[in-house]
Amino acid sequence: MGSESWTTFVVLQTPRLMPYLGGTLTMAIRRGNIPGLKDFLLQIHPDLNYNNSHGNSIVNQFWEHTFHCRFAPPPAGWVEAGGALCTGQEDLKSVETEFFDISDLRPEYNVHKAVYALAYALDDMLQCEPGRGPFSGNSCASFQSLEPWQPPRSVCSESCPPGTRMARKKGQPECCFDCIPCSEGKISNKTDSMECTSCPEDFWSSPQRDHCVPKTTEFLSYHDPLGIFLTATSLLGTVVCAIVLGIFIYHRSTPIGQFHLNGMHKAGDVILGGLFDIHFFSTHPDLSFTSEPRQPTCHGFDVVGCRLALTMAFTIDEINRNSNLIPNVTLGYSLYDNCNKLGVAFRSGLSLLSGQEEQVILHETCIGTPPVLGIVGDSSSTRSIAISTVLGLYRVPLVSYFATCSCLSDRQRFPSFFRTIPSDAFQVRAMIQILKHFGWTWAGLLICDDDYGLNAARSFQSDLGPSGGGCLAYTEILPWGNDPSELKRIVDVMKKSTARVVIVLAYESHMINLMEEVARQNLTGLQWMASEGWTSAATLQTPRLMPYLGGTLGIAIRRGEIPGLKDFLLQIRPDLHHNNSYGNNMVNQFWEYIFQCRFAPPPAGWVEAGGALCTGQEDIENVVTEFLDILNLRAEYNVYKAVYALAYALDDMLRCEPGRGPFSGHSCGNLQRLEPWQFVYYLEKVNFTTSSGDQVSFDENGDVLPIYDIMNWQWLPDGRTKLQTVGEVKKSAFKGEELTLDEDKIFWNFESKQPPRSVCSESCPPGTRIARKKGEPKCCFDCIPCSEGKISNKTDSMECSSCPEDFWSSPQRDHCVPKTTEFLSYHEPLGIFLTATSLVGTFVCAIVVGIYIYHRSTPIVRANNSELSFQLLLSLKLCFLCSLLFIGRPTVWTCQLRHAAFGISFVLCVSCILVKTMVVLAVFKASKPGGETTLKWFGVLQQRGTVLVLTSIQATICTAWLLSSSPTPHKNLQYHIDKIIYECVVGSTVGFAVLLGYIGLLAILSFLLAFLARNLPDNFNEAKLITFSMLIFCTVWVAFVPAYISSPGKYADAVEVFAILASSFGLLVALFGPKCYIILLRPERNTKKAIMGRGIKS
């Protein structure tokens, strides 16, 4: 990316550099066009009269540069060198130069604008009118009295005139603004207005927007052409309506004024309506207006639909026989055939609502079907949406037994809609529960391309993660027709996916086309899950498809028992008196379909073609038909519950006590003055239990407490198929959604006969955490072991939690265990060794004391100051024993005592050595002439006092240390994160340093005194032994300091114990070893003569 300073450099745009600079993005000065510039450049010529004038020589210099010549007089030697003279007549057009390249004018364009800016400023100044100028006294500038600071106008933006307002330019000073014209209806009547003000209600802005003017009035007048035309058209339409009304009144008994509906009716005090699919298809009449339109006809009789309608008739009959339910009120019904068409269903719904159909005579004195109290239907969500939209305006309840669209739960749009079948939203949740039960977190979803499939897909995508912790591997839309290429693509997606569970929310027709492609590609090893749309599809349960679909788990409408229904179906008989009545011919059409006959009068040519006539006495038990198959009543059971819901609501309303009702003034609803919304109120409160034990009640959206059966497609060994109920999923008011499965009954179409695994990633065991894979669904992840000190104690943990301070993670990282504790223990080899060494040293000291006591009268004991020797042995014993305080778990008293005991014991020891050394020097000094008085300063009392004073100083140091900042036990978690190291912190480093420094001071002093006495006679003094012992002592403690500082935990205590023992043994061996050797092994040297050097010579 380049700046404008080198954007247009031609020298960089070469074949050598373009491999590097090609594609460069740069900033450039704005390019502009300057018309006439090239012609102007071609017309320039040098001024021969001013060639030597430096003030006007630019063109001449350009000319000499361009033509490589010189004007006369030329420079000296120019002509002699062969240079040409310029004539001024040379042709610029014949020279190739960039001078004439005006295709990329950038700085030139800026020069052009700069000159024009000056010119316009000058023009504005000259246009100034005297007395209206911008300067003092409203004066104008002139050439005669012009000051450079007097430009005519020096503003960023011109003032905004009336009719405009100021609009600040963002990011610029407030003097820089645009003038925006006021919008219509607003004005500004002064210069530089910040806002435009609205005109009053009856006024409008002038064209200049600088004042308000009265609005013009306008209305549709009888005097303008449009008003005249519309008036005439209105009167003409009124006349036509009057004529049509007269025609309809005159011909009111003809068929064209009515429409026919197949139905079945029964009189009663209260009428319930019903809409059912009695026929599969309908034929629409010709509406070309060239002939009289015929009524729509329905064909393709649906036996199951007829059984649904008769189930409603049976239920009403059963309720009428029940004296405990709505006593003294008889229910009737009006059931219509919707012919599986929206238009017919809508007509039927309006007929039930208005009671305008005239074919059915219910009573002798009453003609016409009375309005219904409620309607059971429709089976289709689309038809239910259309009908309920109208019924909802009047709050007439519509109770559907088969419409599942979750959109119907919208109480704002459908305030009087109820249903006894669960919505699709619950079906999705039921499937999610099954996925969760078997641990299937990775599934594919196939849907149909309509509201049913698309809404279900949205529900799956929103609910699957939060409810079941699962993900969709893919979502594919199944084509409506047989599209081989699209089906092949979908099956390829299924084959490549690792998901072994496939959920299909579609219809039977979709599955037939899909399974053809699945069978062609021989795609096995999948676990299918079916929606209620194809769970019971017998066309798919074939030997050819069961190798793929065997073991399918499906959602099915709840099956129920309806006692007495079969007997009722066997008792139905056709009505021979109303065969041709469209309003009550449903049973007759069923009879004709079942027995393949026709009632009299038969259609033309029926008898001639060999067709039979129906008598009405045919035996229905002799016909093999699914009409009497009541082993799998599902939709019928929903109809049964819907009718009972209406009946219970009516019963609750009739039991209302006046004065205690739920409506205004505590009134009750009654059949004489019943408002539909009052009946809806009671229907919302319905709560009863069917004879099968199923609870029926509606929630705030009109949905029934949902329940589904879970079906399993079983492939029996003999090749037969069986649709087995293996569980249920339901929602209760108290327990919420419950899934019940009998896994022993489920047939799995796999070699293992066990449910498959369908996961993107296996669950992360305890001790690991989930790490999402970027760009993949949340079910796809890696399992990362927890780091040290952290655990996860459940499966699929998102994070590892840290253990408490005194705990550490187990090797499996699945629980916390107490951290191992570390201190110098009596039970470990190092502790045992140091303890044993300490006790050995103590025991050796005791033996030496015993030897000294036993041989206390011998010269060698007496000659070496026996009292100081015993004090020295006592202090050494204390030194050995104080090391035991450093072993074992630190406590408050051991931490405080160990250093105090150590310091005092060693000071006592070194003090004895120091005093002994001083006594030796004093004795030898006294043996010399004039030194007799020296010994009186080193008597027994002085020796004891010196040792006591030196030891008391150390005791004082220890006391001050313990009182100010005493050592305390401490759990050290810094050396090892997985261990707790128990140690004693010294509290005050200064106190510990003073303690050691005092010991060191006495030791150095003893060493120096002993070193000075090293040349005394060997047989008498022990100065050399003291020197050697002090050398050992100092060496040990000098080495101790860096070793102690660098040793962690228990090893610091071990180093200190080692230093104590090493220095103690050094003193013990160096000072008492030679003497014990003489006492025990060389008694001949333990004589006064030997000691004095006059006996045995070594």
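Between which two elements is the loop that holds Asp378?

A: Asp378 sits in the loop that runs between β14 (374–376) and α8 (381–394). The model is a predicted one. The peptide bond that joins Gly377 to Asp378 is cis, with an omega of about -10°.

Another cis peptide bond leads from Ala600 to Pro601, and its omega is near -5°. Pro601 also belongs to a loop, the one between β22 (597–598) and β23 (612–613).

Cys339 has a phi near 55°, which is positive although the residue is not glycine. Cys339 is placed in the loop between β13 (331–337) and α7 (342–354). Its relative accessibility is 1%, so Cys339 counts as buried. Lys753 is likewise a residue other than glycine with a positive phi, here near 60°. The loop that contains Lys753 runs between β28 (736–741) and β29 (768–772). Lys753 has a relative accessible area of 48% and is therefore partly exposed. The cut-off explains the two labels: buried means under 20% relative accessible area, and partly exposed lies between that and 50%.

Arg411 lies in the loop between β15 (398–400) and β16 (417–419). Its partner is Glu684, and the closest N and O atoms of the two are 3.9 Å apart. Arg411 is buried because its relative accessibility is 17%. Glu684, with a relative accessible area of 33%, is partly exposed.

Helix α17 has buried residues as well, namely Gln678, Phe679, Val680, Tyr682 and Leu683. The buried residues of α17 pack against β15, β16 and α16 (635–654).

The bridge between Glu684 and Arg411 is one of 31 salt bridges in the structure. Side chains of opposite charge can pair when their charged atoms come close. In another of these pairs, Lys488 and Asp492 meet with a distance of 3.2 Å from N to O. Lys488 and Asp492 are four residues apart in helix α11 (residues 484–496), so about one helical turn separates them. Both partners are partly exposed: Lys488 has a relative accessible area of 37%, and Asp492 has 22%.

Arg757 and Glu762 form a salt bridge too, at 2.5 Å from N to O. The relative accessible area is 45% for Arg757, which is partly exposed, and 47% for Glu762, which is also partly exposed. Elsewhere, salt bridges with shared partners connect Arg558, Arg634, Asp694, Asp709, Glu728 and Lys730 into one network.

The next part concerns a pair of helices. Helix α20 (residues 866–882) and helix α25 (residues 1050–1081) have axes that come within 9 Å and cross at roughly 155°. An angle over 145 degrees counts as roughly antiparallel, and α20 and α25 are therefore roughly antiparallel to each other. The crossing in which α20 passes α25 is left-handed.

Residues from each helix form the contact. On the side of α20 they are Ser869, Leu872, Leu873, Leu876, Cys879, Phe880 and Cys882, and on the side of α25 they are Ile1060, Leu1061, Ser1064, Phe1065, Leu1067, Leu1068, Leu1071 and Phe1072. By type, the residues of this contact are 13 nonpolar, two polar and no charged.

Past α25 there is one more loop to visit. Arg1085 lies in the loop between α25 and α26 (1088–1092). Arg1085 has a relative accessible area of 27%, and so it is partly exposed. Along the chain, Arg1085 and Pro859 are 226 residues apart, while their C-alpha atoms are separated by 9.5 Å.

How values were computed. Residues are numbered from 1 along each chain as its sequence is written. This is a predicted model: local features need pLDDT of at least 70, side-chain atom pairs count only at pLDDT 80 or more; totals for chains, interfaces and linings use all residues. Side-chain values use heavy atoms; hydrogens and water are left out. Axes are lines fitted to C-alpha atoms, for helices over the stretch in contact, and angles run from 0 to 180 degrees between N-to-C directions. Angles under 35 degrees count as roughly parallel, over 145 as roughly antiparallel, 65 to 115 as roughly perpendicular and the rest as oblique. A crossing is left-handed if the near helix is turned anticlockwise from the far one by less than a right angle, and right-handed if clockwise. Contact means heavy atoms within 4.5 Å. Ala, Val, Leu, Ile, Met, Phe, Trp, Tyr, Cys and Pro count as nonpolar, Asp, Glu, Lys and Arg as charged, and the others, Gly among them, as polar. A salt bridge is a side-chain nitrogen of Lys or Arg within 4 Å of a carboxyl oxygen of Asp or Glu. Buried means under 20% relative accessible area, exposed over 50%, partly exposed in between (1.4 Å probe, protein chains only).
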